[in-house]
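Dear colleague,

I am passing on the structure below, and my notes on it follow. Please read them with the coordinates open beside you.

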Amino acid sequence: MLDKLSPNQRLIVAILLSVIFFVGYTAIFPPAEPNAPKENNATSVVAQKSQKDVSKRVEEASGHVIAQEEKVSKAKSSELVTIKSKNFILKIDTLGRIAYKELLEDKFRNADNLHAQVIPAEGTKPLYVRFADDTVNNAAITTPYHASVSEVTLDDKPVTVTLTQTLPMVTVTKTLTFYKDGHYDAKIALSKDLRHYIYLGDRPHVSKKLMAVAGAMVYTDDDVVHIIEDGDAEGRQVFQGVKLISSFDQYTAIILYGFKKDTSVVVERGKDDNPVVYFDARQNESIHGYIGPKEHKVLKAIDPMLTNAIEYGWFTFAAKPLFALLSWLHGIFGNWGWSIIALTALIRAVLYPLTYKGMVSMQKMKILAPKLKELKEKYKKDPQKLNAMTMEMYKKNGANPLGGCLPMILQIPVFFALYRTLLNSVELQGAPWILWIHDLSRMDPYYVLPILMGASMFFQQRMTPNNFTDPMQEKVFKYLPVLFTFFFVTFPSGLVLYWFTNNLFSIAQQFMVNQQFKNADDAKAAIEKKSEK
């Protein structure tokens with residue numbers, strides 16, 4: 001059957017199959033990330049350290065992650081400090097860990113209509129300190145910290161909390177300064193230089209939709225993003241020259257940044273093969289952190305480097321500039337829905353010359369269809385002659401059988417990039433458009449947009465010239481809009497809005513081209529009629 005399809009018909013099948021393949025393959029086989037850490041030769045400090053020494057330090061830290069998680073989870077801890085802000089409530093426990101952060105904005109409510117809790121109840125917590133010496137470590141998980149304050153309100157001015165833990169061999173002092181935008185500064189000092197490690201904390205469990213990546217990220221100074229997804233941690237990985245580390249889900253993240261170049265960051269396999277991230281700390285360690293939504297504007301204001309914590313998967317190269325353009329349009333329209341429509345208009349404007357040529361070419365192919373059929377009958381026993389005569393006819397009439405393909409091909413990466421943008425951009429969560437669309441990151445609750453999208457696709461299909469020779473082929477392609485409609489039902493409404501709007505622009509442009517050829521035919525008929533008189 002496929003060998004009888006026209007190039008444009010084959011392309012429609014290819015697009016449908018590629019969409020299905022993209023969704024299915026990404027869900028079943030997530031993209032593999034490089035397992036080997038990069039080698040860092042950039043600093044003289046690291047150059048002076050032997051690889052043997054680094055390996056030894058890490059080896060001492062490895063092999064204890066799961067056991068340590070279980071040991072700490074059994075240790076009794078309670079609330080020590082509560083920090084209240086307009087947008088969140090943060091709590092520190094008696095083990096000196098940031099153990100709780102509740103997001104108070106309504107758009108972060110979960111399925112039970114409760115405010116989202118970024119830090120999971122189980123697993124490692126941010127700023128947990130583990131000692132290499134088991135004796136010291138056992139004392140550390142049973143000795144509570146003392147705090148300079150028990151409760152504080154965070155407004156425009158940052159607040160500082162000092163935590164102190166007195167152990168038999170060492171005193172640990174944590175000086176934490178919190179800011180209203182969600183980031184904090186941490187100074188962790190030991191009275192004695194003992195080998196110890198500071199943990200990033202297990203990833204949030206606020207939201208994770210189909211194909212949304214969740215796990216751990218290590219962003220290094222060669223601008224490489226290393227992703228270790230949940231369930232994919234295979235063993236110990238060591239990174240140096242690290243700019244930031246993050247444990248994240250779809251919309252939220254726990255981030256540490258501000259490392260010195262020679263800091264060794266370790267990703268270890270934890271429970272259920274999930275990644276556990278920590279780093280080899282100094283006696284006097286200074287670090288920065290962020291816990292909360294991955295909002296581009298907020299992260300950029302804190303430190304532009306932090307925007308690298310927003311990961312779009314395979315299509316990051318296209319999704320990042322696409323989001324930047326969407327953000328710019330949002331600054332104009334103040335509504336993400338109208339911004340998506342404006343983005344569609346810009347894309348159509350850029351592709352207009354190509355789509356116009358493609359539509360004109362398809363009209364010409366329709367006109368030439370009877371003549372091409374005659375050629376096939378005439379030269380059916382001489383394929384070379386048939387091919388030569390066909391190409392000559394194309395050239396003579398300015399027709400291109402592939403003319404309608406390129407514009408559609410160019411839209412595929414835009415479609416997938418926008419999908420990743422809408423899937424991973426927390427700014428779109430809870431963002432309304434009009435009427436019943438209250439959240440562009442979620443499916444249309446009443447299926448109106450998918451139905452309109454399918455109807456527009458059907459109408460566009462009726463307007464588009466075709467050269468079907470097989471009735472069965474024609475019936476199959478008539479049902480494609482129905483198939484696409486069902487396929488788009490669960491897609492984010494913002495993406496369906498893009499595709500529906502794109503169809504409307506295609507319909508308008510196809511109408512103009514059809515009218516142009518009709519006017520030409522009418523003019524030709526009028527001249528012929530006049531000449532007959």
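How many aromatic pairs does the count come to? In this predicted model, the count comes to 10 aromatic pairs. One of them joins Tyr128 and Tyr199, a tilted pair with 5.3 Å from centre to centre and 50 degrees between the planes. Tyr128 lies in the loop between β3 (98–103) and β4 (129–131), whereas Tyr199 belongs to strand β10 (residues 196–199), so the pair ties together parts that are 71 residues apart in sequence.

Glu285 counts as buried because its relative accessibility is 3%, and the cut-off for buried is under 20%. A polar atom of the Glu285 side chain lies 2.9 Å from the backbone nitrogen of Arg282. If neighbours within four places in sequence are left aside, Glu285 is in contact with Ala186, Lys187, Ile188, Ile198 and Phe279.

Finally, to the surface: Leu325, Trp328, Ile332, Phe333, Trp338 and Leu346 form a nonpolar patch there, and together they have about 610 Å² of accessible area. Helices α7 (316–333) and α8 (336–378) each supply at least two residues of this patch, with the largest share, four residues, coming from α7. Ile332, which is placed in helix α7, counts as exposed because its relative accessibility is 53%, and exposed means over 50%.

With best regards

Note on methods. Residues are numbered from 1 along each chain as its sequence is written. This is a predicted model: local features need pLDDT of at least 70, side-chain atom pairs count only at pLDDT 80 or more; totals for chains, interfaces and linings use all residues. Side-chain values use heavy atoms; hydrogens and water are left out. Buried means under 20% relative accessible area, exposed over 50%, partly exposed in between (1.4 Å probe, protein chains only). A polar contact is a pair of N or O atoms within 3.5 Å; within protein, one must be able to donate a hydrogen and the other to accept it, and residues adjacent in sequence count only if both atoms are side-chain atoms. Contact means heavy atoms within 4.5 Å. Patches are made of residues with over 30% relative accessible area and no salt bridge: like charges are joined within 9 Å, nonpolar side chains (Val, Leu, Ile, Met, Phe, Trp, Tyr) within 5 Å. Accessible areas come from the Shrake-Rupley method with a 1.4 Å probe; for residues, only the protein chains shown count as cover. A salt bridge is a side-chain nitrogen of Lys or Arg within 4 Å of a carboxyl oxygen of Asp or Glu. Rings of Phe, Tyr and Trp (its six-membered ring) pair if their centres lie within 6.5 Å; planes under 30 degrees apart count as stacked, over 60 as edge-to-face and the rest as tilted.
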